[in-house]
Amino acid sequence: MKTFKVLYNQNKLFSEITTEASYIDQKNELSLRAVFNGSEKYKIGKRTVVVFPGNFLILNEGTSYDRDIYSDSVANTFAIFFSKKFLHDFQYGFSSSDRNLLDEPIDSEVIQRSTFLETIYPCKGDIKYNLTHLLDHFNENSDDLLLDDYIYHALLLFYRLYYKEVLNKRNRLDALNFSTRDELFKRLSLAKDFMLSNYNQDISLEDISAHACLSPTHLFRTFKQIYNCSPHQYLIQARLDNARHMLKNTDYTLNEIVNLVGFTCPSTFIKLFKNRFHFTPGSYRNHVA
Amino acid sequence: MELPGDVIDRKVINGRPLYLNEAKMALNFLVEKFGFVVHRYPISKSLDGVSVCDSYGNFYKIFSVSRENVGNKKDVQRIIHTADCLHDFHHVAIDGLCILNKPHYVAEGLAFEALDPWGNMYTFLEKRDYSD
C-alpha cells in the first residue's frame, strides 16, 4: 500500500507498506527516509546502504538512487521530501536576526542548494517520536498545517542531530587540515554505514576497511576517535539494538533473533544483551509486553 | 461544589495540590475539554474535598484560590500530560485556551504553556523516554 501527499508548500510525504518493491533511477528533493519495520535497500552510485528500524537516511536534492524492498516481513517505510523553498525559508529564519526578519521577511537572494552528508543517522529520542507521530497523522489524513508543523520539527531536530553527529564528531579527528578531516570523516561514515547495513552478516575488519578505503589500523584508530568504540564494538551494538527492536516488535523466538542479527552463540548474545540493557532478552520482552 | 464522583482512594488524598482561580468553572473546563475525572474525598464529617485525575492516572487535589493569591502559592505548576504535544498545541486554541508559547524541548520531553479563560496557566507536557 502506497500513500503520497503533496502539502500546500510543496513538502511531500510518502509511506509504503509492502514486502516487495523496486524503483530505479530515482531523483528528488532533499529527503529523510525512515523504516519502521523490515528494511529498505538503497543503491547510491557504487555503494549500497540498507536502512533498518532505528535509523534513517538523508538523501540530497538531485542524488540519483535505486530503491528496493525485498523483505520476509512487511516493510513499513516513510519519507519526507523537503521543498527547496521550505528549506530555504527555514535556514533564513535561523540565520537572520529578528530585526532582519522584520525588515526583510523573504530572502531576496538566489536559493542555494543545501547539501548534507548522505549517511545513516540514528532515529532515536525526539526525532523518533516526531516521525512516529507524523506517520500516524499522515495515515489519519490530518490537515496540512498540523503535518507541516511536524515536518518543521523534523527538520529542526535533524539540524541538531547533524551538528552532533557530523560537525561535532568531525572536529574530534586529530588531522590538522580541514579537508583531510572532512575526507577522513566521510570514509569513516562509509565504514559505519557498511556495518549498519550488514550488521547481520559475518563481516571482518578487513571487509569494513576495504569498503571505507582505509587501512585496518588507520580505521581502527580513527573510528575510536569519533565513535568512542572500536568498529567491532560498534557492530555488536548495532546487532543488540536490532535484537532489542525484534524482541519488542516481533514474535521471533530468541534463537531466531540470535541468528537474524548475526550472532552465532545464544549464550554470548544473552550475556552481551544483559550487559548493555540490564535485562536478559526474555525479561526485556516481558517488560515491554 | 456540585460535582460528580464518589471514589475515596489513597491516591486521591495523596494527589498534588492544584490551585485554581474560579475553581468550579476551571474544573468543569478540565473535565469537558481534557477528560479529567472528578473524585471527592472526605476532609471532615460535613466537608468533602475535590480531586481530579488525568488520563495518565495523575491525581490533583483542587484548591480554590483568588487570581491574586495564585502567584503566592509555591506549587502552582499545573501539568497536563499529553501523548502528542504538537497535536494538542493545534487544538487548545480551538478549546478556548490562550497559548503562551510554542512547543519547546525540555528535559522531560516536549511542552508548551497556555492560559485558561480564568487565568490559570497550564503546562502541556509530552513525556518522552530518552533511555533508548
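Is L57(A) buried or exposed? Select L57(A) and look around it. L57(A) is buried, because 24 other C-beta atoms lie within 10 Å. (A residue is buried if 20 or more other C-beta atoms lie within 10 Å of its own, exposed if 12 or fewer, and partly exposed in between; C-beta atoms are placed from the backbone.)

Before moving on, note that this is a predicted model: local features need pLDDT of at least 70, side-chain atom pairs count only at pLDDT 80 or more, and totals for chains, interfaces and linings use all residues. Residues are numbered from 1 along each chain as its sequence is written, and chains are lettered from A and ligands numbered from 1 in the order in which they are written.

**Stop 1: around L57(A)**

Colour residues 55–59 of chain A. This is strand β6, and L57(A) sits in it. (Contact means C-beta atoms, placed from the backbone, within 7 Å.) Then pick K128(A). From L57(A), K128(A) is 71 residues away in sequence and 13 Å away in space, C-alpha to C-alpha.

**Stop 2: the domains of chain A**

Select three ranges in chain A: 2–168 for domain 1, 171–228 for domain 2 and 234–288 for domain 3. (The bounds come from an automatic or database domain assignment.) Between domain 1 and domain 3 of chain A, the C-alpha centres are 29 Å apart. Four residues of domain 1 of chain A contact four residues of domain 3 of chain A.

**Stop 3: chain B**

Switch to chain B. It has four helices and nine strands. From the N terminus, the order is α-β-α-β-β-β-α-β-α-β-β-β-β. Of its 132 residues, 30% are buried.

Zoom in on α2(B), residues 23–34. Its twelve residues reach 15 Å from first C-alpha to last, close to the 16 Å expected at 1.5 Å a residue. (The expected span is 1.5 Å times one less than the number of residues.) Show A26(B), L27(B), F29(B) and L30(B), the buried residues of α2(B). Look down the axis: these buried residues fall within an arc of 155°, so they line one face of the helix. (The arc is that of the directions from the helix axis to the C-beta atoms.) End at G35(B), which follows α2(B) and has a positive phi, near 70°.

Note on methods:
Helix = DSSP H or I, 4+ residues; strand = E, 2+ residues; numbered from the N terminus. Contact = placed C-beta atoms within 7 Å.
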